[in-house]
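Please keep the sequence and the three-dimensional view at hand while reading.

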2 protein chains.
Amino acid sequence: MHQDRNILNESIKRLLRRGAIRHLRKIVNKTHAADLAAMFRILTFNEQRKLFAVIEEMEKKGVILEDLDEDTLRALTQAMAVEDIVEILESMPKDDAADLIGRLPEEKADAILEQMKKEGSEEVEDLLGYDDDTAGGIMVPDFIALGENMTAAEAIALLQTDYHDVEMPFYLYVVDEYGKLVGVSSLRQLVVVKPDTRLKDFMATDVMSVQTHVDQEEVAKLVARYDFLAVPVVDETNRLVGIVTVDDVIDIFREEATEDILKMAGAGEDFVESKSILRSARIRMPWLLASALGGVLAFLIIGHYEDSLMKVAYLAAFIPVIMGMGGNIGTQSSTIIVRGLATGRILVQDFRTVVLREFTTGLILGILYGLLVGSVAQFSYGRLTVALSVALAVLSSMTVAALVGSLVPMLFARANIDPAIATGPFVTTAIDIISVFFYFEIATSLLGI
Amino acid sequence: MHQDRNILNESIKRLLRRGAIRHLRKIVNKTHAADLAAMFRILTFNEQRKLFAVIEEMEKKGVILEDLDEDTLRALTQAMAVEDIVEILESMPKDDAADLIGRLPEEKADAILEQMKKEGSEEVEDLLGYDDDTAGGIMVPDFIALGENMTAAEAIALLQTDYHDVEMPFYLYVVDEYGKLVGVSSLRQLVVVKPDTRLKDFMATDVMSVQTHVDQEEVAKLVARYDFLAVPVVDETNRLVGIVTVDDVIDIFREEATEDILKMAGAGEDFVESKSILRSARIRMPWLLASALGGVLAFLIIGHYEDSLMKVAYLAAFIPVIMGMGGNIGTQSSTIIVRGLATGRILVQDFRTVVLREFTTGLILGILYGLLVGSVAQFSYGRLTVALSVALAVLSSMTVAALVGSLVPMLFARANIDPAIATGPFVTTAIDIISVFFYFEIATSLLGI
């Protein structure tokens, strides 16, 4: 598969260089939109513009635009006529069209919506009214809704003439006379029952749905939990207004995992899509500030023990190992908690059990590594008080780190704040400071300096 | 939704305590299997056993067993008769049944397979022959395969009588006389075309498939890329042997994200499912060893400069900030690279661009934070050479960290080794050591000590 794609990329690049438009058009027409979108990422802007012009199918153009980073998207659409953009948007699933419009400059977006209204496609504008990260923001308004009094035969006839633009024709939703969701059926059931049976007599009535304001992560978890292919979205009065499909759910999970990972590393929240180094430096800068301020604080603490350090200079040599051990076990604990909470393996209700378990793990590993590092100290300097100070410092640093690393994200989760941000540089830096402070307190009192 | 679930959990627990079996059975029968499985996690072993005995539907028992951690699974099945376990397994999708058997003690597994063979369900044993993490290991052998010469009417008739246990009846695969995959169609197409049209005349022939040995992550990416609901799995001769469904793809992505996150934090690979603290300590211990050894190395390096430290003791006070800044920017870089590679936003081919971009970002942020931390040093000690040493140390530490943090995972990816393991404690520790070494080299030569 990879092999094929590389060959494709190479030949498209070569044809672009040679300006062999006819040949290019032939290849492009045979290539899947997702593959074209992937290859767009490795082209220069000029090549992108040329290739985009060659593509004939609006659906393909839509998939490609959807996949572009914001800078390229804006550059590519800037030169295009509003009518051409609208033509592409109208070929796209409406949720994706709404997303795309949301990423364009306001002026352009307004002009596009104006034009779409003229052509009678207001649905996309309606979608823009919902928050991006909610069920309303990710649903498509295209679904199959059948009246509860319809017979199976009538439903089949309707499906044969109608509903050709529906993305996922697998669930047939059943609504009452007010458009309220009352049940669900399937193509397969329509074919299996007697033709004159009414839908309300064989539909499943325990249909699960979400309201428009529900967070997208909740929606995704629901779909994953029950292995749904789609979940219906209703308004406050239970009127069916859209569906969220499983392909969007996959994207949500991947996006949320990326967000969590980046937050934990203190590298922003969204993947830095810009090619600008200055912009990516700007995004990462504030997260490093936490670590810089923490470092300055540690410096002040150590400065406080300057006299002791003059007497026993080699105390300084153990600072890295004590900080490192605390930092690493703290990262382990908080990562396990954050991911466990995200996947449902750890529940907020288990607060005490979870924190206690991490604390005990920290204690056990602290004793172990305290003995190890203490032995190295004893072996190197042959002073038992030094070895003991180092051992105790490692022990306390690791125990406190495991405690803080589990306590903070659990507290955040309980307060409904995203625990992933608790795991970034803030916790690590806090652990650093605590470790250094404990170390010098223990050492100076044991050594009597 | 959450509210409801809490109420459910509470009432089930209460009924278990009271031993109100009849009442319990009524509630359990009305509860979705996924909800029962979720509630199992917060019960004691005794409660689990009691509740499990009350459940009547085999499908529900299957979903619950599938979701249990290994310890509980083994304990719960230990007391059960082989026949009872087999009855549950036969109600499950075959890929899940095979997974479950793979998690049981060998002796038990063998007895179960023996019994299943007697009852003629060899398919599950066939699945056990594939590697867990490949298309073969995650596929189900239940799919709809229709002969290419069949007419639409014949196909509909067949679907009405047959194929009731198929998990995803949305794609109708078309095979030739040898069972080789030649095309795909859908229920909807069957209903729309003239009844006497042969499948081969309206099926889509550009059907994508994967071979049994393809890695599960590749399969998942393919499904996500093209928004498939399922992808057919073929053997080396292109014979259709199974399908991988979208619900499994969601699980794969979540599992792979968890694996990456845990690896990056140096907290093992699989989520520690055991309730045993000793076991979880044992899994985390080796990862901490890297950090301990690195710490000892840093200690040896600093020990080497003991004489210099005796003269200028406050040099030690800057160790934490220099290590911290390097460590944090290194984590940022490697996290961005690892996640970018996993989601396809960064390509291995872009090696030079990517590493250069990270290096430049490190340089810019290094200058910035070098100036900041250097100013603090100048302000505190009023010695320009000290301030300069600290500033240069921060600069070099951050630049090297960004370089190493991007270079190592890119090299790993190029060599086809999982880049996530490059991001754990190993890289962080390496950066720590380099930072400390540079700092003391710069300081001693600038201060002439």
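The structure is a predicted model, in which local features need pLDDT of at least 70 and side-chain atom pairs count only at pLDDT 80 or more, while totals for chains, interfaces and linings use all residues. Residues are numbered from 1 along each chain as its sequence is written, chains are lettered from A and ligands numbered from 1 in the order in which they are written, and side-chain values use heavy atoms, with hydrogens and water left out.

**Confidence**
- The average pLDDT of chain A is 86, and 96% of its residues score at least 70; pLDDT is the predictor's confidence in each residue, from 0 to 100.
- For the complex, the predictor gives an ipTM of 0.77 and a pTM of 0.77.

**The two copies**

**Domains of chain A**
- Chain A is divided into domain 1 (2-130), domain 2 (145-257) and domain 3 (277-447), with bounds that come from an automatic or database domain assignment.
- Between the C-alpha centres of domain 1 and domain 2 of chain A the distance is 30 Å.

**Residue A:Ile101**
- A:Ile101 lies in helix α8 (residues 94-102) of chain A (helices are DSSP runs of H or I, at least four residues, and strands runs of E, at least two, numbered from the N terminus).
- With a relative accessible area of 2%, A:Ile101 is buried (under 20%; exposed is over 50% and partly exposed in between, with a 1.4 Å probe and protein chains only).
- Leaving aside residues up to four places away in sequence, A:Ile101 touches A:Leu89, A:Ala109, A:Ile112, A:Leu113, A:Met116, A:Val124 and A:Leu128 (contact means heavy atoms within 4.5 Å).

**A sheet in chain B**
- Three strands of chain B form an open sheet in the order β1-β2-β3, with mixed pairing (two strands pair if DSSP finds at least two bridges between them).
- Its edge strands, β1 (145-147) and β3 (181-186) of chain B, each pair on one side only.
- Strand β2 (residues 171-175) of chain B runs antiparallel to β3(B), and five bridges join them.
- B:Leu172 stands opposite B:Ser185 in β3(B).
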